[in-house]
Amino acid sequence: MLLICLFSFHFCLRIKRNNNQHFFLLQFLESLKILDLSHSHCLCKTPDFLEVPNLERLILENSARLVEVHKSVRQLHRLALLNLKYCKNLRKLPRSIVKLNFLETLDISGCSNIKELPVEMGTMDSLTMFNANGIVISPLLSTTKEVKPWYSFIWPSLSKPRKSVEIAVALLSR
């Protein structure tokens, strides 16, 4: 059963444990497949995702004040889409994002304050769509102190991809 949530995630988690509705809400959250918090202009930090283990799509688009995605995002083993488009205050992606074995689409377009990406993103075999339009990421130092372009860390074998990967990288530094 596909459930779509268009309400504040915080509301569900604030219900007291002694409330009779708590069990129902926990069951509801455990069944949740899509969490759409788009345009949540007061959201500064995502909540802990342990209550929504079956989430497949997390949409935080245009949550302009969002600064941090909670590291528990790595527990979302079924997550296929993570949309952070236009989260202008987001500074970095949690390193735990590389643990998402089913993540197919990652959109960080317009996240103009992201200055670094997890180096381990190159190991994400499931990622087939990475949209980073409007992001300027400066060259990074490798372990040998050699300056390399950002994309050499994300996909070291970009010239020989293992499968078709669509990368939208307009305005990225080379």
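**View 1. Thr46 and the residues it touches.** Leaving aside residues up to four places away in sequence, Thr46 touches Leu60, Leu66, Glu68, Val69 and His70; contact here means heavy atoms within 4.5 Å. This is a predicted model, where local features need pLDDT of at least 70, side-chain atom pairs count only at pLDDT 80 or more, and totals for chains, interfaces and linings use all residues. Residues are numbered from 1 along each chain as its sequence is written, and side-chain values use heavy atoms, with hydrogens and water left out. Look for Thr46 in the loop between strand S2 (34–36) and strand S3 (57–59); strands are DSSP runs of E with at least two residues, and helices are runs of H or I with at least four, numbered from the N terminus. With a relative accessible area of 3%, Thr46 is buried (buried is under 20%, exposed over 50%, partly exposed in between, with a 1.4 Å probe and protein chains only). Its side chain reaches the backbone nitrogen of His70 at 2.7 Å.

**View 2. The salt bridge of Lys33 and Glu56.** The closest N and O atoms of this pair are 3.9 Å apart (a salt bridge needs a side-chain nitrogen of Lys or Arg within 4 Å of a carboxyl oxygen of Asp or Glu). Lys33 lies in the loop between helix H2 (22–31) and S2, and Glu56 in the loop between S2 and S3, so the pair ties together parts 23 residues apart in sequence.

**View 3. The salt bridge of Arg95 and Glu120.** Here the N to O distance is 3.5 Å. Arg95 is partly exposed at 47%, and Glu120 is partly exposed at 35%.

Terms used: A polar contact is a pair of N or O atoms within 3.5 Å; within protein, one must be able to donate a hydrogen and the other to accept it, and residues adjacent in sequence count only if both atoms are side-chain atoms.
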